[in-house]
Amino acid sequence: MSAPQVFGWCPGALRPMMSGDGLVVRLRVPMGRLSPDQIRRVATLARTHGNGMIDLSARANLQLRGVTTDSHAALIDGLRAIGLVDPNLAAEARRNITVTPFWQAGDDSHRVAQSLGAALAAADAPDLPSKFGFAIDCGDQPVLMDTSADIRIERSPSGLICRADGAEMGQQVTVDTAVNAALALARWFLNTGGVTDGRGRMAAHIAIHGTPMAADTAPLPAAPVPKPGVTPQGTLLGFAFGQTTAESFAQLAELGALRLTPWRMVLIEGAAPSAPLPDFITDARDPRRRVQVCTGAPGCRQALSDTRDAARAIAAHLSPDRDDTIHISGCAKGCAHPAPAPVTLTASHDGHFTLIRHGRAGDPPQSAPLTVTQIQDRRL
């Protein structure tokens, strides 16, 4: 079995990535917020220029699937008309910002994220790898600590801090100085050899070189990962297995504006939905919430098996009384859940998966290849 290919870059809108079902066009939505009109128009564009499938990524980005090379230009025109495309490829690649979905207009998270977005669009912004990202998490408790990022702006007991990913401590900053501190740290990363062949991440770099910042303040303890349901800021709805159809996505426009989250949920601003939404997860006890799954075959050319049908079949046999994660991966890369999981099922060949407990998709298997029926019988 050959090792899966690691591309070392992330798709965008202007630089899509070819997959098994066509081009994947990733939208880095400003502030992670879509108005009802934008929701409807994204759904229409996904149907018209793609195959109508929409993913929600672990960095709170939308992915439109099945776009063809012939339809891509028209799709970009449509996205640009609703403010969802950067002016150029360089600006798009740099604007890799995940912001807490619980921001309020004018608060620290909102102001820092807006300033950082403008700074990264400037001509003299650091030329960072496309996987290099920023997390803006200035609420009363950090909620993005488990979200992939390289530079984090968070709250400490005494105010805001800028922290290199992988470091326990950060440098104290203010709303007005946070962006300059983050960009200085990014430039240090570049100047000290953090990038090799267009790739590089902060945590691995500081493990060797340390951090140049006067880092002496720890962030506040992280909040638990939110669950589907009503919150003070709105209603969280889960995307079953991280994906939905354009038709279902368009229905969300009737509920109000939404915010994308890195937990494969959207936060609906305003009142809770009154009508059933069978295509979305509304109950924290829904077993589908436990399953993290990648695109799988045939949508991903590197996957060794279908994963989504397997996920549906396995989720139907899961207990609603447990909360541990089950990761189903089409190959050893483990894109859907790079961290260790209590249970990981890695495809070995079509319809068969090996079981790994408390590990990653690429770790040595702890079982012979199992069919989905055999996995169901194990009562994970």
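Colleague: Which residues line the largest cavity?

Modeller: This is a predicted model, where local features need pLDDT of at least 70, side-chain atom pairs count only at pLDDT 80 or more, and totals for chains, interfaces and linings use all residues. Residues are numbered from 1 along each chain as its sequence is written, and side-chain values use heavy atoms, with hydrogens and water left out. A cavity is a set of points, on a 1 Å grid over the protein atoms alone, where a 1.4 Å probe fits but cannot get out; lining residues have an atom within 4 Å of a point. The lining is Ala-284, Arg-285, Asp-286, Pro-287, Arg-289, Arg-290, Ser-319, Pro-320, Arg-322 and Asp-323.

Colleague: What volume does the largest cavity have?

Modeller: The search of the whole structure finds one cavity of 30 Å³ or more. A volume is the space filled by probe spheres set on the grid points, which are joined across faces, edges and corners. For the largest cavity, that gives about 30 Å³.

Colleague: Which side chain meets Arg-65 in a salt bridge?

Modeller: A salt bridge puts a side-chain nitrogen of Lys or Arg within 4 Å of a carboxyl oxygen of Asp or Glu. Here the N to O distance is 2.9 Å, and the partner of Arg-65 is Asp-21.

Colleague: Is Arg-65 buried or exposed?

Modeller: Buried means under 20% relative accessible area, exposed over 50%, partly exposed in between (1.4 Å probe, protein chains only). Arg-65 has 4% relative accessibility, so Arg-65 counts as buried.

How values were computed: On a 1 Å grid over the protein atoms alone, a cavity is a set of points where a 1.4 Å probe fits but cannot get out, and a pocket is an open set with protein on both sides within 12 Å along at least five of seven lines; lining residues have an atom within 4 Å of a point.
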